[in-house]
Amino acid sequence: MWNVLAAYAKLAIHDFNLEALMTGPVTIGDLRRTGTDLEVGCTRCWNVRYVDPFGLPFHGNMAMPEAYKRMRCSRCGEKAGYSRPDARIGGVTGQYPG
């Protein structure tokens, strides 16, 4: 039994891609490279917008936490409450995986 577990462990280590690990926060450049929109939401009025990262006036090395600190809600004017990569299922507006 231990030989089987050792074989699985060796296979898992062999197939493990270290480059897939994130070494820091997601940047605007990461979103642009992957074609992923940025979800920005207001925690005051709960307005949510999906923003094309190519339309943002920020450089590609800017981390998402820094970018959303510079944004304001289009509805109430409050500073943005959160931002994250868009996790919606492609082609289906408003549905998330799960």
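The questions that follow take some labels in turn and set each value against its definition.

Q: What makes this model one to be read with cut-offs in mind, and how are its residues numbered?
A: This is a predicted model, in which local features need pLDDT of at least 70 and side-chain atom pairs count only at pLDDT 80 or more, while totals for chains, interfaces and linings use all residues. Residues are numbered from 1 along each chain as its sequence is written, and side-chain values use heavy atoms, with hydrogens and water left out.

Q: What makes up the secondary structure of the chain?
A: Helices (H or I, at least four residues) and strands (E, at least two) are DSSP runs, numbered from the N terminus. By that rule the chain has three helices and three strands, and along the sequence they follow the pattern α-α-β-β-α-β.

Q: Why is W46 called exposed?
A: Relative accessible area (1.4 Å probe, protein chains only) decides the label, with buried meaning under 20%, exposed over 50% and partly exposed in between. W46 has a relative accessible area of 61%, so W46 is exposed. This residue is found in the loop between β1 (38-41) and β2 (48-51), and its phi is near 65°, a positive value in a residue other than glycine.

Q: How do you know that β1 and β2 pair, and which way do they run?
A: Two strands pair if DSSP finds at least two bridges between them. Four bridges join β1 to β2, which run antiparallel, and G41 stands opposite V48 in β2. The two strands form a hairpin with six residues between them.

Q: What joins β1 to strand β3?
A: Four bridges join β1 to β3 (residues 82-85), and these strands run antiparallel, with V40 standing opposite S83 in β3. From β1, L38 and V40 point one way and E39 and G41 the other way, and all are buried.

Q: What makes R44 and E78 a salt bridge, and where do they lie?
A: The closest N and O atoms of R44 and E78 are 3.4 Å apart, so the pair counts as a salt bridge. The pair links distant parts of the chain, with R44 in the loop between β1 and β2 and E78 in the loop between α3 and β3, 34 residues apart. R44 counts as exposed at 56% relative accessibility, while E78 is partly exposed at 35%.

Q: How do you know that R32 has no salt bridge?
A: The nearest side chain of opposite charge (Lys and Arg count as positive and Asp and Glu as negative; His and the chain ends are not counted) is D52, 7.0 Å away from R32. Because the rule requires a nitrogen and an oxygen within the salt-bridge limit, R32, which is buried, has no salt bridge. The backbone oxygen of P53 does lie 3.0 Å from a polar atom of the R32 side chain.

Key. Salt bridge = Lys/Arg side-chain N within 4 Å of Asp/Glu carboxyl O. Polar contact = N/O pair within 3.5 Å; in protein donor to acceptor, adjacent residues only side chain to side chain.
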